[in-house]
Amino acid sequence: MEKSFKRILKSILIFLMFVVLFSSIILIINFVKNDSDDSISGSGDEFLFLLAGVDSTGEETGTRTDTLMLVKANSDDKSVDLISIPRDSKVEINGYMDKINAAHSYGGIDLTMQTIRDFLGINLTYYCVIPFEAVVEGIDAIGGIDIEVDDYVASAMDISPGTHHFTGEEALKYVRFRKGYENADLGRISTQQDFMMQFINEMTKAKNLPKLPIAYMAMKDKIKTNIKFSKISQLALAFRSIDKSDINMVRLEGFVTYEDDISYFEIYDESIEEIRSDYLYNFAY
């Protein structure tokens, strides 16, 4: 009975980790405990990994990342920082300037990780890559998700405000939408962060927990990660009711530039320094 409970709990937590961006919070739960057999760069009280949403069906290269987010958990104060990296950020990749989302196309997650390390000057070891196909199947497996759409987002997307019940495909379109916002990708990041919070509140309700193992089974073979799932413990159970006040969402700031009619997002140097000094100081080099 105990082993069965642990398997169910593991499925719940892993599934929550994988669904779009919001799921990363639950993954943190599995690793915030400071264990001596895990070597983690930075402070022993913190764990950092990259969450990448990829527009692919499993290809290692040739596809770009649509979402990039650094996720940092602090087991001392039980806080979570979600640091969004705009996908059009102008960075150096293999000696050439390009959009950061192109790194995955050229060299998969390995080159993406190295690009972020060099760009931010941080030690970064762990990642979780989520193909959008997995997102669709996971949300469909739980029968869809209810999301409250505010007036601003509804106007940009040309849909009605209020509660929408999204299928997996509809939810994916919702979090990927960007063209209707005045600030394009930054508007999309704000929508994704709001969607994340709503999803956490919805899926941690007692009535929805029994659905999660089914969704996990639909998604598990499509996820790529180098994070071990051996760290689930009693601390994970304590974190399942994490409050949104413990979650801090920020992004790298900058401005839009054009080169040869191609738009880039130029990150301010001071924004990089602020992120490093305020959130990633234990991982900076």
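The paragraphs below go through a sheet, an aromatic cluster and a set of charged contacts in a predicted model.

Residues are numbered from 1 along each chain as its sequence is written, and side-chain values use heavy atoms, with hydrogens and water left out. Because the model is predicted, local features need pLDDT of at least 70 and side-chain atom pairs count only at pLDDT 80 or more, while totals for chains, interfaces and linings use all residues.

We start with the sheet. Six strands form an open sheet with mixed pairing, in the order 9-6-1-2-3-10. Helices (H or I, at least four residues) and strands (E, at least two) are DSSP runs, numbered from the N terminus, and two strands pair if DSSP finds at least two bridges between them. Strand 9 (224–225) and strand 10 (247–251) are the edge strands, each pairing on one side only. Strands of a sheet pair through backbone hydrogen bonds, either parallel or antiparallel. Strand 1 (residues 46–54) and strand 2 (residues 65–74) run antiparallel and are joined by 9 bridges. Within this pairing, F47 stands opposite A73 in strand 2. Helix 3 (residues 103–120) packs on the sheet and touches strand 1, strand 2, strand 6 (126–131) and strand 9, where contact means heavy atoms within 4.5 Å. The direction of helix 3 makes about 140° with that of strand 1; axes are lines fitted to C-alpha atoms, for helices over the stretch in contact, and angles run from 0 to 180 degrees between N-to-C directions.

F47 also belongs to an aromatic cluster, together with F49 and Y126. Rings of Phe, Tyr and Trp (its six-membered ring) pair if their centres lie within 6.5 Å; planes under 30 degrees apart count as stacked, over 60 as edge-to-face and the rest as tilted. By this rule there are 4 aromatic pairs. One of them is F47 with F49, a tilted pair because the planes stand at 40°, with ring centres 6.1 Å apart. F47 and F49 are both buried, that is, under 20% relative accessible area, with exposed meaning over 50% and partly exposed in between (1.4 Å probe, protein chains only). The rings of F47 and Y126 have centres 5.0 Å apart and planes at 35°, so this pair is tilted. F47 lies in strand 1 and Y126 in strand 6, so the pair ties together parts that are 79 residues apart in sequence. Y126 is buried, as is F47.

Charged side chains come next. A salt bridge is a side-chain nitrogen of Lys or Arg within 4 Å of a carboxyl oxygen of Asp or Glu, and the count comes to 8. D66 and R87 form one at 2.5 Å, N to O. D66 lies in strand 2 and R87 in the loop between strand 3 (79–84) and strand 4 (90–93), so the contact ties together parts 21 residues apart in sequence. D66 and R87 are both buried. In the salt bridge of K99 with D88, the N to O distance is 3.7 Å, and both residues are buried. K99 also lies over the face of Y264, at 5.9 Å from the ring centre, and the charged end of K90 sits over the ring of Y264, 5.8 Å from its centre. A charge sits over a ring if NZ of Lys or CZ of Arg is within 6 Å of the ring centre and within 35 degrees of the ring normal. E46, K72 and D81 are linked in a network of salt bridges.
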